[in-house]
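Here is a short report on one protein chain. Please keep the sequence and the model in view while reading.

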Amino acid sequence: MTRSFCDSHIHLAGFCVARSQLHLDGMTLDEIHSYLLQIAHQRQAGTWIRGRGWEMNLWCDQMHRVSGFLDSVFPENPVSFVSKDGHSLWLNRIAMAETGLSSDQTDPPGGRYDRDPQTGLLTGMLRETAAEEVLRRLPKPTETEIEALLPDGIRILIENGITSVHAFENETNIHRLIRYLRRSSQKLKCRFYVESHDFDSVFRFFHTERDLPDTFCFGGLKLFADGALGSRTAAVTCPYNHDSSNFGLLVMDRHQITEAGLRAAEYGTDVSVHAIGDRALGETLEAFKLIRSRFPRTVLRVEHIQLARKNDIDCMKELGVIASIQPSHLLSDRAMAAEIWSLQTGLLYPYGSLENAAIPILFGSDAPIEPPDPFRSLRAAMFRLDWPDDPDIPVWHPDEIMSIPAAAHSACATNIRRILSTDTGWGEGCRADLAVWDRDPMDYIRSGGPRPQALLVMAGGSIVLDRLTS
Ligand SMILES: [Zn+2]
């Protein structure tokens, strides 16, 4: 038996919907091509082809092939593929036309449209805010289509022993998830975080809506300080390898983070900032210093922290900042980070350093980017190696390994105030948040082999999955 888990960084609606899309994870450009050819005949002309998971890092030396690549397979369908890290978007010509993109488009602040160096035409590769902007305009699946995908996604979470999530969603998805969970027999505790453009209206909703079940609460505001590793837009202090002019993209600077963060703190909500690179983390902490000086009790959290300088970790400790990390990114990113961040001098995926500094740590999956699998997070944090153990692959930065008790606490921390104290919420008289497994999860985390199956899961004292009596 274990405590049940909290996925402290998930895009819940996105995860449920992504399960119905094409998955391009881990494929080379040639593999993507043959996979698309196989399925092309099943698609009706004119219908949107949606997919995700492609990794530029696997074919960054072949960027010249991008332009026209998707048109050759789908000349009659609009195609839109989101990258694995969610920060880039790849469109074909029809999709560009349908979303109103043309070559006289200028790059938006914090984003870029890739262009053919010879012709100046758009290649269909969009980065950061350019991608975000177009993603918002893409035709959405209908309400009925999305609602039909929620039960299956939530079932996966519960089967993985997850009874609580911190969901990073837009306003529409928050309402959609609440509507569904209110009438569903499925139970999932949700703490919602929303981006700034939706903040005021979601805040008002949570403060005026009567009889919301206590399983839903508003966490607060989510901001972005930078991009992501795979798209080479995470903001770093030393340049990307092979690209000496690239220091990533700062999506928001300290002044913008301070301004938005103060507004959220005044409302009494958490302030959460996405910062992957060390430059983004430094910028975020400068903003947090100001926010903290006026709001000593506001929950301040940084999402991701894949590269950090030692003095920034000390500063997080001083300011009482929560580290919200996604250890399974380490397993997927290891080769890429070692390659494109070889010039960085900060600490890579510095989980051990965060633990040693006694910084409160939350684990999340960032699903749909990684599977919502707490065992994978625990494996990554405790061993910094994927399964199976391979004597030829050394542990990656062994000094950053987390201890078993600290990792287990971070994976199960369902209550944000509790992670800031020593109270585990686990003992006689507490409402049970637990999972019973058919084999010892620690054996699986340590050595692999057959995956433990949940036999019983309880959330807040109620049984939410029962394979013992059925
Ligand atoms: Zn995320």
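## Two domains

The model is predicted. The domain assignment gives domain 1 as 2-15 + 144-425, and domain 2 as 17-137. Their centres, taken over C-alpha atoms, are separated by 27 Å. The contact draws on 18 residues from domain 1 and 18 residues from domain 2.

On the domain 1 side of this contact, α1 and α6 (143-159) each supply at least two residues. Helix α6 gives the largest share of that side, four residues. By class, the side of domain 1 that touches domain 2 has eleven nonpolar, six polar and one charged residues.

## Helix α7

Helix α7 runs over residues 171-183. At 1.5 Å a residue, its 13 residues should span 18 Å. Its end C-alpha atoms are 19 Å apart, which agrees with that expectation.

Four residues of α7 are buried: N173, I174, L177 and L181. Seen down the helix axis, the buried residues of α7 fall within an arc of 100°, so they line one face of the helix. R182 and R183 are exposed, on the other side of α7.

S185 is found in the loop between α7 and β10. Is S185 buried or exposed? S185 is exposed, because 7 other C-beta atoms lie within 10 Å, and a residue counts as exposed at 12 or fewer.

V464 is 279 residues away along the chain. The C-alpha atoms of S185 and V464 are separated by 8.7 Å.

## Helices α12 and α14

Helix α12 covers residues 328-340, and helix α14 covers residues 374-383. The two pack at an angle of about 60°. Their axes are 6 Å apart.

Which residues meet where α12 packs on α14? From α12 come S328, L330 and L331. From α14 come R376, S377 and A380. By class, this contact has three nonpolar, two polar and one charged residues.

How values were computed
Residues are numbered from 1 along each chain as its sequence is written. This is a predicted model: local features need pLDDT of at least 70, side-chain atom pairs count only at pLDDT 80 or more; totals for chains, interfaces and linings use all residues. The expected span of a helix is 1.5 Å times one less than its number of residues. A residue is buried if 20 or more other C-beta atoms lie within 10 Å of its own, exposed if 12 or fewer, and partly exposed in between; C-beta atoms are placed from the backbone. The arc is that of the directions from the helix axis to the C-beta atoms. Domain bounds come from an automatic or database domain assignment. Two residues are in contact if their C-beta atoms, placed from the backbone, lie within 7 Å. Ala, Val, Leu, Ile, Met, Phe, Trp, Tyr, Cys and Pro count as nonpolar, Asp, Glu, Lys and Arg as charged, and the others, Gly among them, as polar. Axes are lines fitted to C-alpha atoms, for helices over the stretch in contact, and angles run from 0 to 180 degrees between N-to-C directions.
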